[in-house]
Each structure stands twice: as C-alpha cells, then as structure tokens.
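Hello,

Here is the structure I promised to pass on to you.

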Amino acid sequence: MSDNTFFTFEQQDDGIAVISIDLPGESQNVLKMEFIEELQPVIEQIKTDSSIKGLIIKSGKEGSFIAGADITMFGKVDTAEDAEQLSSSGHRFFNALEQLNKPVVAAIHGACLGGGLELALACSGRVITDSPKTKLGLPEVQLGVLPGGGGTQRLPRLVGIAPSLDMMLTGKQLFPKQARKLGLVDEVVPQANLMKAARKCVNDLRKGKEKKTPVSSYFSVKGIQKLLLETNPLGRNIIFDQARKTVQKKTKGNYPAPKKIIECVEKGMAQGMTAGLAIEARNFGQLVVSREAKALISVFFATTDLKKDNGIDSDAEAIAINKVGVLGGGLMGSGIAYVSVDKAKKQVRIKDVRTEGVNGALNYSWTLIAKKMKKRIISPSTARHTMSYLTGTTDYSGFKHVDMVIEAVFEDIKLKHQMVEEVEQNCSEKTIFATNTSSIPITTIAEAAKRPEQVVGLHYFSPVEKMPLVEIIATDKTADWVITTCVELAKTQGKTPIVVNDGAGFYVNRILAPYINEAGILLSEGVAIEKLDKAMVKAGFPVGPITLLDEVGIDVATKVAPILQDAFGERMATPKAFEKLKEDDRKGKKNKRGFYQYDGKSKGKEVDESVYSVLGVSPDKHVDAKEISERGLLLMANEAARCLDEGIIRSARDGDIGAIFGIGFPPFHGGPLRYMDSLGIETVVERLQYYQKQHGDRFAPAEILLTMKENGENFHS
Amino acid sequence: MSENTTKKTTRSKKEDRVAIVSGLRTPFAKQATHFRGINAIELGKMVVNELMQKTELEPKLIERVVFGQVVVLPEAPNIAREIVLGTPMDVHTDAFSVSRACATSFQSVACLAESIMVGDVSVGIAGGADSSSVVPIGVSKKLSLALVDLQKARTMGQKLSILKKLRFKDLLPVPPAIKEYSTGLTMGQNAEQMARDRGITRQEQDELAHRSHTLAAQAWEEGKLDGEVMTAYAEPYTKDPLHQDNIVRFDSTLDGYAKLRPAFDKKYGTLTAANSTPLSDGAAAVVLMKESQAKALGYEPLGYIKSYAFAAIEADHDMLMGPSYATPKALKKAKLKLSDLDLIDMHEAFAAQTISNIQAFGSTKFAKEHLGQRTKIGEIDMDKFNVLGGSLAYGHPFAATGARMITQTLNELKRRGGGLGLTTACAAGGLGAAMILEVE
C-alpha cells in the first residue's frame with residue numbers, strides 16, 4: 001500500500017489508518033477518476049485487514065480538503081451514457097466506502113465542495129475545523145449539472161429534505177457553524193485538534209455511541225418544519241411543489257439542472273437509495289452534455305482563467321496599493337470605498353465637497369459592515385476595526401501617500417479635468433488616477449494630465465458591492481504597470497476585471513446601447529413596457545431593459561447615448577422616446593419618476609401608464625416575445641463582434657465575461673460570442689440580414705461576421 | 001517678544017527639543033448629545049485616526065502611543081493599546097495608558113516627551129479621551145460580593161444562603177461615583193468651598209463664564225479652531241456630522257447666567273451649571289517628535305515643550321489650587337518669569353476655581369505661605385489670559401482637555417508670530433499640572 005500517486009496511507013499504533021489525499025502538482029485537491037481507481041483496492045484491503053480498526057480521510061494540502069470534482073473530466077465525455085457511467089462508477093466506490101465494516105471519518109479543513117463533500121457524506125462521521133477557510137457545499141448547480149456522486153441521496157438523508165434542496169439548488173457554501181447547526185458535521189474544532197477529534201470520532205463510532213444532534217436544532221423553526229413536513233409523504237409533496245415553483249420562477253425554465261435535482265431527491269426519498277442513485281446517474285449524464293452545462297462550464301473556466309490574467313502582454317509589474325483615495329461620496333464612490341475597505345482591506349480616504357456627502361459614504365459602508373456584524377459573521381470589534389480603514393474629508397488632507405485615486409464625481413468633463421489637476425497637485429508622483437466615468441472617453445480626461453500614462457478608466461457597475469465586473473480602460477498612453485495594478489486591485493476587491501481599450505462606451509455600455517435602444521424603438525411603436533421586460537427576463541436577463549433604464553437612471557442613459565451616436569452614427573441613434581422622457585423630468589427610480597411607479601405599495605412593479613401619453617403611443621402593438629428577445633440579443637452580440645474586431649476587447653473570453661458579469665447576459669448562453677458560436681455564425685448572419693430587411697441597417701451584420709461566415713470560423717475554438 | 005525670550009529660544013535651539021508636530025481634537029459635545037453611545041475608546045480612535053491622516057503620518061513611523069481616560073471602561077483599561085489595535089496603526093506600536101484626573105493628557109504628553117528626551121522613541125502620539133455618555137454602570141457592593149461568593153459556592157444550599165442575604169435594593173444598578181474616593185467630597189463641593197472662603201461672588205463667576213463663552217464663540221466665528229478641530233462622523237453615520245463644540249454659547253448674554261439656580265449648595269451657593277464646566281464627550285491628541293526627526297521627515301513643528309511640572313496639594317480643602325503650585329515650578333525649570341509669557345491658558349473647571357487661582361498668582365501672601373517664596377508668581381494680564389475662552393465654554397472631557405489646551409495655545413502663539421505660552425490645570429485629588437510651550 002505504499003506506491004500511491006494521489007494519497008499516502010499510514011497505519012497508526014492505535015489501529016486507526018489515515019489516508020492523506022495529496023494530488024501531485026496541484027495547489028488543491030480535486031476528485032479525479034484515477035484517484036478513485038487507486039483508492040478502491042485500498043478500501044478492499046482495509047476491509048479484510050483485522051489490525052485496522054477504523055479509517056480517517058484527510059487532505060495533505062494546506063487549507064483545502066477537496067475543492068470538488070475535476071471539471072475537465074466533464075469536457076472529456078461525449079455522450080450522456082458515458083457521463084452516466086462516470087457517475088455510476090463513482091457511486092460504486094462511495095457505496096463501498098459507506099458500507100465498509102469499519103468507521104470512516106472525514107477530517108476536513110478548508111474547502112470541501114462538490115465531489116469532496118460527497119466523499120465526506122459517504123463516511124460515517126465528519127469533523128471539521130473552525131477556520132474561515134472551511135466551507136462545505138454542493139455547488140454543481142452553478143455549472144448546470146448536479147451532484148453526481150450520491151449527493152442528491154445522502155445529503156437529504158443526513159440533514160433533511162428542505163435544507164438539502166436549499167443547498168443543492170442554490171449551490172451555497174456553509175460556514176463551519178452553519179454546517180454543525182444543520183447536522184451536516186459532527187464536530188467543529190480548532191485546526192490543531194482536528195486529528196484528535198477525528199480519532200475520538202472513530203473510537204466513539206466503534207463503541208456504537210450515538211452521534212449528538214445539537215439540542216437546539218429540534219426547537220428551531222427548521223426543526224419543527226422538518227418534523228411536520230418531512231416525516232410524511234404529504235408534507236414532502238408540499239416541499240417538492242414549493243421547490244419546483246421557486247425554481248420555475250427563478251430560472252424561467254432556462255436551466256434544466258434544478259428540476260433534475262428535485263426529481264432525484266423526490267424519487268430517492270420515495271423509492272429508496274438504489275433507485276435514487278440510478279436516477280441521479282441518469283440525470284447527471286443528461287446534464288453534463290447539455291448545452292447549458294457546457295456554456296456554464298465555459299464561463300467557469302473563463303473566470304478561473306481571468307483570475308490568473310494580469311491584464312497586460314508585457315512583464316510590467318503591479319505596484320503595491322496600500323491606500324486608495326476616492327473622490328465623490330455618491331452612490332458609486334461609496335460602493336467603491338466599501339469594496340476597497342471591506343474586501344480589498346485597503347486604507348481608504350474619501351473626499352466629497354460636502355461633509356454630508358462624506359457622512360453618506362461612511363453610512364453606506366457601515367450599513368453593509370453592520371449587517372455582517374448583526375448576523376454574527378464578524379464581531380463588533382472587527383466591524384469597527386474595518387470601518388476605521390475608511391476616513392473622510394472635504395479637502396485633500398490625507399491624500400499625500402495615496403497610491404491610487406478613483407474619482408466618481410459628476411460626469412462633467414470640466415470637473416474631471418479639475419480632479420486630474422488637483423490630484424496631480426496634492427498626491428505623489430506615483431499616484432494613479434483612475435476614473436469611474438461611464439461615458440467620457442479616458443483619452444479626453446487624460447488631456448488635462450501632466451502624467452497621462454497614469455490615467456486609466458476603472459468602470460464599476462452599480463451597486464458596486466454586488467456587480468462582479470470591473471472594466472479597466474486603457475488609453476494608448478496608459479502605462480502597463482498602471483493597468484496591471486488596477487487588475488490586481490480589482491481582484492482584491494472581489495471583482496472580475498477585463499481590460500478594454502478606450503473608445504466610446506468602452507465595451508459594456510457600447511454593447512448595451514443597441515439592445516436598450518431596440519427596446520425604446522419597440523416601445524415607440526407601441527409595444528407595452530411589461531411585454532418588453534418580460535420577454536427579456538424570459539430570455540434569461542436578470543431584469544428587462546426598461547427596468548434597467550429606471551434603475552440606472554434615464555438621465556444617465558441619455559448622457560451616454562449621444563456620445564455613442566457621434567462615434568458610431570445611425571446604428572446607435574437614440575430613440576426619440578428617451579429624449580421625451582428626459583424632458584418630462586423622468587430620471588427613473590432615483591426621482592421616483594420613470595417607466596414604473598415608485599409611489600405606493602408596488603414600488604417599481606406597476607407600469608406608470610402616464611408614460612404612454614408622454615410618448616404619444618397606445619401600448620397595443622403585438623410583437624412576439626421571441627422576436628423581441630432575438631432582436632435584442634442579436635444586436636448586442638453583433639456589437640460585441642465589432643468590439644472584438646476593433647480590438648476594444650482583448651479576447652472573446654473577455655467579451656463573454658464582460659457581458660455576463662456587467663449586464664447579466666444570460667449565462668446559459670455562455671456570453672454573446674459563445675451564443676453566436678452555438679447558433680452558428682451563418683445563422684447569425686442570416687437572422688441579422690432578415691431583420692435588416694425589415695427594420696433597417698442597424699441590423700447590418702458586422703464585417704467580421706461576414707468574413708467568419710466565409711471562412712467557416714468560430715469565436716471560440 | 002522680549003529680548004530675553006529671543007535669547008532663550010536661540011540657546012535652546014542647539015538641543016534636540018521635543019517638538020509638537022500637530023494636534024487635533026474632536027468637537028466637544030454635551031453629555032448624551034452627538035456622541036451618545038460612543039465610548040471613550042471610539043472617540044480616541046476617531047481623533048488619532050484623523051490626526052494621522054491630517055499629518056500625513058505613516059503608521060509605521062509611530063513608535064508609541066500614550067493615552068488616558070478618566071472614566072475608565074472596565075472592559076478595556078488600556079485605551080492606548082485599544083486605539084492602536086482598533087485603527088490602521090501598526091501592531092508593533094507600543095502603547096500604555098495613564099491617569100491624572102483632569103490633567104490626564106498633560107501626563108500623557110509628559111510621559112511621551114520623557115520617552116523622547118531619553119532617546120527611547122522619536123515619534124509618538126499622546127492624548128486623552130472621555131465620554132460622560134458611556135459610563136460603567138456597576139452593581140451594588142453587596143451584589144458584587146454575592147456574585148463572587150456564588151462562583152466559589154459548590155452546593156445548591158450554599159448558593160441559596162448567599163442569595164437569601166440579598167435585598168431588592170441591592171439589585172439596583174449603581175451609577176459611577178461622583179465623590180472623591182479619599183475625601184468623600186464632590187468636585188462641586190470643593191469649588192463651592194473655595195468660592196465661599198474667598199468671598200467670590202456669583203456675579204464675578206458669571207462674568208468669567210460669559211467671557212469664556214464670548215471668546216470661544218468669537219474664536220469659532222473667526223475660523224481660528226477650524227484647523228485643530230476635526231469634523232466628527234459618528235456611528236451609525238445617520239446624524240449630521242458635528243463641526244463645532246455644541247456647548248459654546250454663540251449668543252451669550254450676562255443676564256442669561258443670572259437666571260440659574262445654584263447647583264451644589266442650593267441655599268447659599270454661588271456655583272451654577274453655567275459657571276461650572278459641563279459634563280461632555282470628546283478626545284484630543286498631539287503628535288510629538290524629536291526635533292531632529294521632525295525636521296528629517298520634513299515637518300514644520302507647531303512648537304516645542306519648554307518645561308513642565310506637576311504639584312500635589314491637600315485634597316479636602318482648596319483642592320483645585322493646583323495651577324498656583326505647578327506654575328512656579330514650571331517657570332523655575334524654564335528659568336522664566338510669568339511676565340515673560342505671551343499667553344496663559346488655565347483650565348476652567350469652575351469659574352470659582354479659576355478666579356481663586358488668578359488671585360493666588362497675584363498674591364504675595366500666597367507665595368510666602370504656600371510656595372515658600374518671597375515674591376508672588378505674578379499678576380495675570382487678562383489680555384493674555386484664556387484669550388480664546390476656556391473649559392467653561394468648550395466643555396471638559398476630562399482626559400482630552402490638556403491636549404486641547406496645548407494645541408490651542410500653540411496655534412494662537414503661531415498666529416501671534418511666536419512666543420511663550422503657559423498651559424495649566426487643576427485636577428481631582430489635589431493635583432496640578434503646568435506646561436510651558438514655545439513657538440518660534
């Protein structure tokens with residue numbers, strides 16, 4: 001039992017054997033088929049070796065147990081049958097482990113996700129460390145698949161149906177305390193005591209001691225719910241019905257995995273483990289080869305890839321950022337300050353012209369930090385310590401040693417130029433000037449700079465703490481060290497950055513504009529607002545284009561629009577509808593006058609019918625929801641193709657991630673460029689030309705698409 | 001500036017003096033107003049954090065923090081260390097806390113100055129903070145004893161017999177004591193005694209209070225305090241930020257003071273809430289550096305510490321005369337006469353205490369009987385005295401007052417083109433502090 005590649009095996013004097021998983025050449029463990037094949041005979045031997053009294057499975061990696069199944073494995077299977085086979089052979093191994101005649105305890109420190117948790121579930125006991133690195137969950141649904149290693153069967157049997165569905169349908173990860181409370185693990189201990197606790201767990205199991213469920217769990221709301229609903233078939237039906245409804249509401253039927261997860265649990269609980277595992281393997285097989293899973297997995301790989309990308313092609317190095325200055329305590333400035341303090345752990349000095357502005361920014365961060373404090377995720381002293389990293393001022397005191405200034409003042413070029421000059425006067429020579437403008441070209445802003453190489457765009461999306469994307473905009477003068485420093489900062493802020501070249505609308509707003517404009521055109525033609533929004537939500541966007549306008553602000557959108565029209569001409573012409581609304585002082589949610597009503601009970605849910613009279617239309621035109629969404633999607637994708645062609649984005653990968661993380665482009669399409677790949681470039685050109693004939697030249701296919709069609713190329717290989 | 005002072009300044013230049021590089025305080029707020037629910041440690045963190053920002057001081061350069069609070073929070077007696085740990089300061093910054101009642105931040109500044117003089121450290125922060133809004137409310141002595149006994153008790157019977165002895169009134173919470181531990185007298189009673197024995201009238205006291213408020217209001221209106229008082233943003237950041245002390249009366253009239261009833265001796269007393277300094281919340285701090293270090297780092301110091309002295313006197317009679325005992329000692333150390341000074345800033349705990357000390361400064365009798373010297377300390381020129389008002393107007397967060405006075409005096413000296421200034425305070429327990437500052 002010595003020459004193992006993926007783990008070490010050790011037998012101790014007390015008769016307890018320890019398997020320490022340690023994948024060679026990897027920073028963390030993933031579950032591979034080869035590993036299972038290597039482990040199987042060892043388990044067989046343990047079964048017959050009477051000197052072994054029990055087994056502990058631990059990780060040989062610092063800070064992670066098993067981070068999940070090896071996802072590259074999914075890409076290698078061609079058919080649903082192959083994938084089903086993969087799942088079934090996993091089942092056989094986990095069953096053997098579960099049925100071993102000796103206690104097996106998983107000693108978990110660090111990430112224990114997906115296949116890793118499924119392995120732990122097949123053990124007879126689980127002890128974990130109290131480290132913040134320790135997280136347990138089954139995130140497969142986020143990749144469009146399901147836990148195919150028995151997770152859909154063992155988890156509900158251990159923690160109950162409702163909590164297990166919650167975990168598997170959201171893919172959320174539990175902290176140690178939560179895991180213990182749910183009964184997912186037997187004990188939480190400090191890392192130094194992990195092996196001691198695991199040994200004790202093995203010995204207790206050998207003596208047949210019953211595992212302790214926390215007493216409190218019986219009296220909690222969840223405990224009572226479990227008693228009432230899960231112990232009888234009728235109650236279980238209520239749970240499954242409810243889960244199906246929630247899933248349908250959230251996915252609009254665009255994602256097949258959640259439904260299949262529910263099916264596995266339902267069948268398994270009704271017909272038993274064997275039937276449950278069989279259905280799990282079959283469903284797993286179907287999902288792995290589905291279009292949706294392939295797209296979601298591509299997004300996962302693109303994101304992982306971006307995490308390693310420094311955003312530049314040279315070997316310039318990022319400088320260390322210790323202190324960030326933020327100009328403007330409005331919504332954006334406040335959000336940027338928050339992620340810089342609480343996520344990136346930087347010192348932040350925020351400047352506003354008014355002390356009320358500073359106070360507002362402090363309140364913004366404190367509200368978010370206090371929320372974590374109230375949920376006991378952090379202690380009051382940690383909350384206040386974090387908060388002390390954020391200070392405010394109305395002058396430039398405290399700006400001398402700032403490494404980067406991010407300005408988020410009004411979109412006014414004179415004001416921006418003034419900011420550039422003031423920062424150059426009050427900060428150091430190395431201070432980077434980053435602007436969060438969403439409309440003004442960075443090159444124009446940099447005109448006022450003595451050191452234009454240190455001027456860069458850092459475009460966050462609102463609300464900053466939630467939106468995962470940051471566009472980093474480089475002019476032809478921006479230095480590489482500046483760009484890569486911004487990339488590093490954005491990563492520490494918990495963001496996924498893409499580096500784009502300066503140009504009107506940069507990338508995200510540029511591809512968003514024709515999509516929003518199309519909604520405006522349809523609206524002017526008399527298509528009802530809710531119809532437009534519903535069509536796009538059904539197509540997979542988080543909100544419809546009209547709701548988005550209200551959220552972002554109609555005034556903001558009309559500010560960007562003319563810049564795009566100037567740069568790109570007729571195809572970006574702003575619909576007259578938006579101008580009319582601006583004249584009617586409709587700014588959207590912020591002044592409670594928009595397309596939707598913001599007074600009364602249904603805030604932002606009911607259309608403000610008076611909009612139609614402002615526009616001079618009656619909302620009675622019928623256009624098929626499919627056509628509405630196709631027109632929007634195609635225009636967005638077409639513009640994304642142009643951006644790639646013009647070198648605005650560095651790669652198709654960046655184009656896809658930018659659209660998904662910045663706009664909410666349906667992830668199951670894998671991004672606009674992958675969407676065109678999956679439709680086929682030929683079809684895309686055909687459909688665009690079809691609409692071009694009907695509605696005009698804004699649908700004219702991008703040059704690059706025509707060339708690609710000729711050559712039979714795709715965006716992604 | 002007299003010739004004499006100029007000479008002295010030039011001479012001391014050769015030594016490596018203790019420089020006060022900058023100073024800052026929060027606005028002082030009346031009890032349970034703007035800083036309601038914010039404890040002294042949070043106030044201390046607030047001021048030190050902002051002081052580092054305004055001074056553009058890298059946390060790593062700060063070697064030591066000396067801080068104080070008078071009303072000590074039992075959960076965190078070492079406020080100085082809590083400030084280091086609770087802000088972006090470097091964990092390797094050493095920190096300890098001191099207490100000298102109302103003269104606490106004179107003590108923290110003196111301790112840090114000494115560390116600099118002996119070459120232990122070259123950059124540090126000293127100051128103090130107090131909250132009268134967050135105070136430790138304790139349990140009765142009987143309950144406290146019973147709780148300790150309960151921990152030791154083993155059987156149910158023993159526990160019951162301990163609990164049986166408690167009466168309902170023992171369970172009521174006890175606010176912090178206002179009486180002096182050793183004398184059993186309150187500060188108000190002490191000041192009342194001083195006014196009574198010296199025949200200081202209500203009118204005189206009210207006039208001093210009115211003067212203090214008028215001068216303080218003027219200082220604010222002329223923008224003299226803007227640079228040394230930070231804007232306070234207080235958790236949860238929903239209240240409007242505080243820019244100014246909310247105790248200073250901007251519309252002070254002498255008639256207003258006459259309306260109040262005596263606060264301590266209801267029958268014959270002359271002390272009122274208006275001619276006594278109110279309970280208040282706030283914090284103040286200064287950055288001290290070795291002169292050579294300050295210059296090496298490119299700072300232009302506000303001024304320098306010329307000398308300081310402390311004095312201790314009787315605590316049950318004339319307890320608040322500290323300034324009259326500490327000042328001559330500090331003058332002697334600096335080889336100066338009172339007339340050499342350009343400004344005198346005396347802490348105004350009570351108008352009565354301030355007037356008593358002004359009298360003593362100008363009294364040969366006092367000098368002979370109490371100081372063992374033939375000549376009086378010196379007649380105080382009221383044009384140099386508390387020129388921006390004093391604690392009666394600003395309020396008195398105990399441990400913050402000394403640092404407030406030091407910074408305020410330095411800035412005023414600077415505005416006047418330099419010179420020498422005295423800052424002095426009385427403190428509970430019969431203590432006194434005096435510090436002479438010089439600005440070039």
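Predicted model: local features only at pLDDT ≥ 70, side-chain atom pairs only at ≥ 80, totals over all residues.

Let me begin with the 8-stranded sheet in chain A. It is open and has mixed pairing, with the strand order β13-β12-β11-β14-β15-β16-β17-β18. Its edges are β13 (390-393) and β18 (496-501) of chain A, each of which pairs on one side only. On average, neighbouring strands of this sheet are turned by 25° against each other, direction ignored. Within the sheet, β16 (residues 455-460) and β17 (residues 469-474) of chain A are antiparallel partners joined over 4 bridges. If you want a residue pair to look up there, Tyr460(A) has Val470(A) in β17(A) as its bridge partner.

Two helices of chain A lie across strands of this part. Helix α15 (residues 331-343) of chain A lies across β11 (323-327), β12 (347-351), β13, β14 (404-407) and β16 of chain A, and runs at about 165° to β12(A). Helix α28 (residues 652-663) of chain A lies across β17 and β18 of chain A, at about 120° to β18(A).

Chain A also has an open sheet of 6 strands, again with mixed pairing, in the order β1-β2-β3-β5-β7-β10. Because β1 (7-11) and β10 (187-189) of chain A stand at the edges with a single partner strand each, one side of each has no neighbour in the sheet. The twist from one strand to the next averages 20°. Here β7 (residues 125-129) of chain A pairs with β10(A) in the parallel sense over 3 bridges, and Val127(A) has Glu187(A) in β10(A) as its bridge partner.

Now to the interface. How many residues does each chain bring to the contact? Chain B gives 23 residues and chain A gives 23 residues. The area buried between them is about 2000 Å², with carbon and sulfur atoms giving 47% of it. There are 17 residue pairs in polar contact between chain B and chain A, counting pairs with both residues at pLDDT 80 or more. On the side of chain B that touches chain A, the elements giving two or more residues are α2 (40-54) and α3 (79-86) of chain B. The largest share of that side, 6 residues, comes from α2(B). By class, that side of chain B has 7 nonpolar, 7 polar and 9 charged residues. The rule finds 2 salt bridges across the interface, and Glu235(B) and Arg384(A) meet through their side chains in a salt bridge at 2.7 Å, N to O.

Best wishes

Notes: Residues numbered from 1 in each chain as written. Chains lettered and ligands numbered in written order. Heavy atoms only, no water. Pairing = 2+ DSSP bridges. Axes fitted to C-alpha atoms, helices over the stretch in contact; angles between N-to-C directions. Contact = heavy atoms within 4.5 Å. Buried area = accessible area lost by both parts, 1.4 Å probe. Salt bridge = Lys/Arg side-chain N within 4 Å of Asp/Glu carboxyl O. Polar contact = N/O pair within 3.5 Å; in protein donor to acceptor, adjacent residues only side chain to side chain. Nonpolar A, V, L, I, M, F, W, Y, C, P; charged D, E, K, R; others polar.
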